[in-house]
Amino acid sequence: MSLSFDLAPGTPSTPPAEIARLLYGDPGFGRLFSDHMAVAAWSDGRGWHDDRLQAHAPFQFAPGEAVLHYAQEIFEGLKAYRRDDDSIWLFRPEANARRFNQSADRLALPRLPEEDFLRAVRQVVTVDAAWAPAAAEQTLYLRPFMFASESFLGVRAAKEVVFAVIAGPAGSYFPRGPEPVDIWVTTTYSRSGAGGTGAAKCGGNYASSLLAERQAHDHDCQQVLFTDAASHEWVEELGGMNLCLVTAAGQLVTPPLDGAILAGVTRDSILQLAPRHGLEPVERPVSLTELWSGVKSGSIVEAFACGTAAVITAVRSFRQQFEDGIDEVRLPQANGRQTQALRRRLIDIQWGRSADDFGWTTRVV
Ligand SMILES: Cc1ncc(COP(=O)(O)O)c(C=O)c1O
């Protein structure tokens, strides 16, 4: 039986008037939350149950809940876009529903039927439509997640789990907006290794990235680029985004999905859009040696970070600690022509200003 995520009795559905004031400013990213959330429970034997749409409110936690100790948790991130005619749309939510279950498999969490994931997302967008900003490039960010809620300290897959979707208005992920970013390359820390959880969207991957992220900030960089755990020679991805390179030979190059990196929905969309911009999409390993020599020689002309939160954000430089000190290479074109054109194309599709030939967008409100 599918889940309906209906509004729980007695839950007000109209947001307070003062939120309108907040929505005129820059909401930043991940700071503000809307009024409602979708919740469902799962237990071994009973399956999914107790689905509801309720007020956004704290969970009650038992100190022994498994997620607090063993990080059995997964999440997703997608956006709802308010268009000029006030309709509200999602971008490829089925891809997020599918990836959520791939992450669930890897973290030994129960699968949530894709239609239930989509229903929960749509219900939150519908009830909190007033929270979807109208300002340019602002969205209602949606955060579906699932965690082990069983209070039990043995190390095994939990027999009780909670699924929820929260939301909040979001502006630019980077405080400086779409301005090009500087990237710190870490060859000390790894995000994932062979057989690890790199391809899953689980909290643990992000926890293990934070120290490198802090080092990046200490070196005035906004993101960290991870390399493979075995040799630290192969480029993987950024802390919260995939990396794409544009070559002088007209290729759009990005590292392959080898199990260590997240299969970004934005990455996949860009690979499909690339030929329309005269770029040949190429998924292949990229070494740090190639990255540095390519940027220096000009065979790599542009680079950008891509992901739901950052959309497409140009890279200005890569910085790295070498034995004899820190070195930096600057892209020949920071925020170059192809980066700008792909960004424009993607956001025009998302906001319904450009034809959606791929059928990527779906209306909710
Ligand atoms: C580690 C990591 N890589 C890549 C991405 C990009 O994925 P998507 O385009 O699906 O948002 C994200 C963002 O969610 C991420 O956290």
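Okay, let's start with a helix pair: Thr266, Ser269, Ile270 and Leu273 in α7 meet Leu342, Arg345, Leu346 and Ile349 in α9, where contact means heavy atoms within 4.5 Å. By class that's five nonpolar, two polar and one charged residues; Ala, Val, Leu, Ile, Met, Phe, Trp, Tyr, Cys and Pro count as nonpolar, Asp, Glu, Lys and Arg as charged, the others, Gly among them, as polar.

Before going on, this is a predicted model, with local features needing pLDDT of at least 70 and side-chain atom pairs pLDDT 80 or more, while totals for chains, interfaces and linings use all residues. Numbering runs from 1 along each chain as its sequence is written, and side-chain values use heavy atoms, leaving out hydrogens and water.

Back to geometry. α7 and α9 (residues 337-350) pack at about 110°, axes 11 Å apart, and that makes α7 roughly perpendicular to α9 (65 to 115 degrees; under 35 is roughly parallel, over 145 roughly antiparallel, the rest oblique). The crossing of α7 past α9 is right-handed.

Now the other pair. For α3 (residues 93-106) and α4 (residues 114-127), the axes come within 9 Å and cross at roughly 125°, so these two are oblique to each other. Who makes that contact? On α3 it's Pro93, Glu94, Asn96, Ala97, Arg98, Phe100 and Asn101, and on α4 it's Glu114, Phe117 and Leu118. They divide into five nonpolar, two polar and three charged.

Last up, the largest pocket: about 630 Å³ of space. A pocket here is an open set of points on a 1 Å grid, fitting a 1.4 Å probe, with protein on both sides within 12 Å along at least five of seven lines; lining residues have an atom within 4 Å of a point. There are 34 lining residues, with Tyr173, Lys201, Tyr206, Gly240 and Ala309 nearest the centre. Our α7 shows up again, as one of the elements that each supply at least two lining residues. By class, the lining has 15 nonpolar, 12 polar and seven charged residues.

Definitions and conventions:
Axes are lines fitted to C-alpha atoms, for helices over the stretch in contact, and angles run from 0 to 180 degrees between N-to-C directions. Helices (H or I, at least four residues) and strands (E, at least two) are DSSP runs, numbered from the N terminus. Grid points are joined across faces, edges and corners, and a volume is the space filled by probe spheres set on the points. A crossing is left-handed if the near helix is turned anticlockwise from the far one by less than a right angle, and right-handed if clockwise.
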